[in-house]
Structure formats: structure tokens, C-alpha cells
Amino acid sequence: MEVINAIGRRKNAVARIYLSEGTGKITINKKDLTEFFPSAILQYVVKQPLQLMEVEGTYDIKATLNGGGFTGQSQALRLAIARALVKINADDKKKLKDAGFLTRDSRAVERKKPGQPKARRRFQFSKR
């Protein structure tokens, strides 16, 4: 099997992954998964598509993450892994889509508008 690459995005985070057959080692920015994401919740989020398809421990994943925060990066990585699994086996698409792992979460921070203190907050109205 050749190396399969995929990309995932969430907010400002971008994840590029290279998936190949191996022993289940996940390397992010030349660090181990547990070192890069110390939180068990974020590690779980990253492994969700692999656990759903029951292929945890079958593929080695090398990823580069840029931008965003921890949560956005972990969700971007989850999307990239799900997309790579679909490239390997197209039959997995329905199961991954039903779980919501193939949907790009388009929510992002709304921009601040001029004449306002925040995106939606207005300055206090004064009658007098």
C-alpha cells in the first residue's frame, strides 16, 4: 500500500496527514500523540475514526498541524484521518459520515464590526 495523504481544517487549524500501513503509531509535528496532546479527551477525539472503523493499530499516521488551538487542531486531525480512511476503502464512507466525521465544521469566530465593541455587542444606548 502506498502512502495516502489528506487534509483537514477546523477554525484556523490545518492538519495534513500521511497515512501508511504500520503498527498504529501517530506522530504529530515529530512528536508522539500523547506528547503533543497531553489531554486524554483530545487523544480520544483524534482516534475516533480509527476506533469506529476498528483499524486502530493498523496504520501509521504522520501529521503536521498549523494554526488554531488544541481543540481545533484535534478536530482538524480527526477530519483528515476520516478522509484518508475513505480514500483507502470507499465502503467506509457511509459509516464515517453517519458518525459526523466527514463533515467540515464551518463555524468560526465572527469578525468585529466598526462602531461596536465586539462582533455583536453594541455600545450602551443612552437617551440623555
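**Figure 1. Ser74 in helix α3.** Ser74 is found in helix α3 (helices are DSSP runs of H or I with at least four residues, strands are runs of E with at least two, and both are numbered from the N terminus). The model is predicted: local features need pLDDT of at least 70, side-chain atom pairs count only at pLDDT 80 or more, and totals for chains, interfaces and linings use all residues. Residues are numbered from 1 along each chain as its sequence is written, and side-chain values use heavy atoms, with hydrogens and water left out. Ser74 counts as buried because its relative accessibility is 1% (buried means under 20% relative accessible area, exposed over 50%, partly exposed in between, with a 1.4 Å probe and protein chains only). A polar atom of the Ser74 side chain lies 2.8 Å from the backbone oxygen of Thr71. Not counting residues up to four places away in sequence, Ser74 touches Phe37, Leu42, Val45 and Val46 (contact means heavy atoms within 4.5 Å).

**Figure 2. Gln43 in helix α2.** Gln43 lies in helix α2. At 14% relative accessibility, Gln43 is buried. Residues up to four places away in sequence are again not counted: Gln43 then touches Leu33, Thr34, Phe37 and Pro38.

**Figure 3. The Phe36 and Phe37 rings.** The whole structure holds 1 aromatic pair. The ring centres of Phe36 and Phe37 are 5.0 Å apart and the planes stand at 90°, so the pair is edge-to-face. Rings of Phe, Tyr and Trp (its six-membered ring) pair if their centres lie within 6.5 Å; planes under 30 degrees apart count as stacked, over 60 as edge-to-face and the rest as tilted. Phe36 is buried at 15% relative accessibility. Phe37 is also buried, with a relative accessible area of 0%.

**Figure 4. The largest nonpolar core.** This core has 31 residues. A nonpolar core is a set of buried Ala, Val, Leu, Ile, Met, Phe, Trp, Tyr and Cys residues joined through side-chain atoms within 4.5 Å. Ile17, Ile28, Phe37, Leu77, Ile81, Leu85 and Leu96 touch the most other members. Two or more residues each come from β1 (4–10), β2 (13–21), β3 (26–28), α1 (33–36), α2 (40–52), β5 (59–66) and α3 (70–88). Helix α3 gives the most, with 8 residues. In soluble globular proteins, nonpolar side chains tend to be buried together.

**Figure 5. Leu96 and its contacts.** Leu96 is among the core residues that touch the most other members. Leaving aside neighbours within four places in sequence, Leu96 is in contact with Pro49, Leu52, Met53, Ala82, Leu85, Val86, Phe101 and Leu102.

**Figure 6. The Arg10 and Asp105 salt bridge.** The whole structure has 5 salt bridges (a side-chain nitrogen of Lys or Arg within 4 Å of a carboxyl oxygen of Asp or Glu). In one of them, Arg10 pairs with Asp105, and the closest N and O atoms are 3.4 Å apart. The pair links distant parts of the chain: Arg10 is in strand β1, and Asp105 is in the segment after α4 (93–99), 95 residues apart. Arg10 is buried, with a relative accessible area of 9%, while Asp105 is partly exposed at 23%. A network of salt bridges links Arg10, Asp105 and Arg107.

**Figure 7. The Lys94 and Asp98 salt bridge.** The side chains of Lys94 and Asp98 meet at 3.0 Å, N to O. They are 4 residues apart in helix α4, so about one helical turn separates them. Lys94 is exposed, with a relative accessible area of 58%. Asp98 is exposed, at 58% relative accessibility.

**Figure 8. The Glu110 and Lys113 salt bridge.** Glu110 forms a salt bridge with Lys113, with the closest N and O atoms 2.5 Å apart. Glu110 is partly exposed at 36% relative accessibility. Lys113 is partly exposed too, with a relative accessible area of 23%.

**Figure 9. The chain around these views.** The chain has 4 helices and 5 strands. From the N terminus on, the elements run β-β-β-β-α-α-β-α-α. The C-alpha trace spans about 75 × 30 × 25 Å along its principal axes. Buried residues make up 37% of the 128 residues. Among contacts between residues at least 6 apart in sequence, 67% join residues at least 24 apart.

How values were computed
A polar contact is a pair of N or O atoms within 3.5 Å; within protein, one must be able to donate a hydrogen and the other to accept it, and residues adjacent in sequence count only if both atoms are side-chain atoms.
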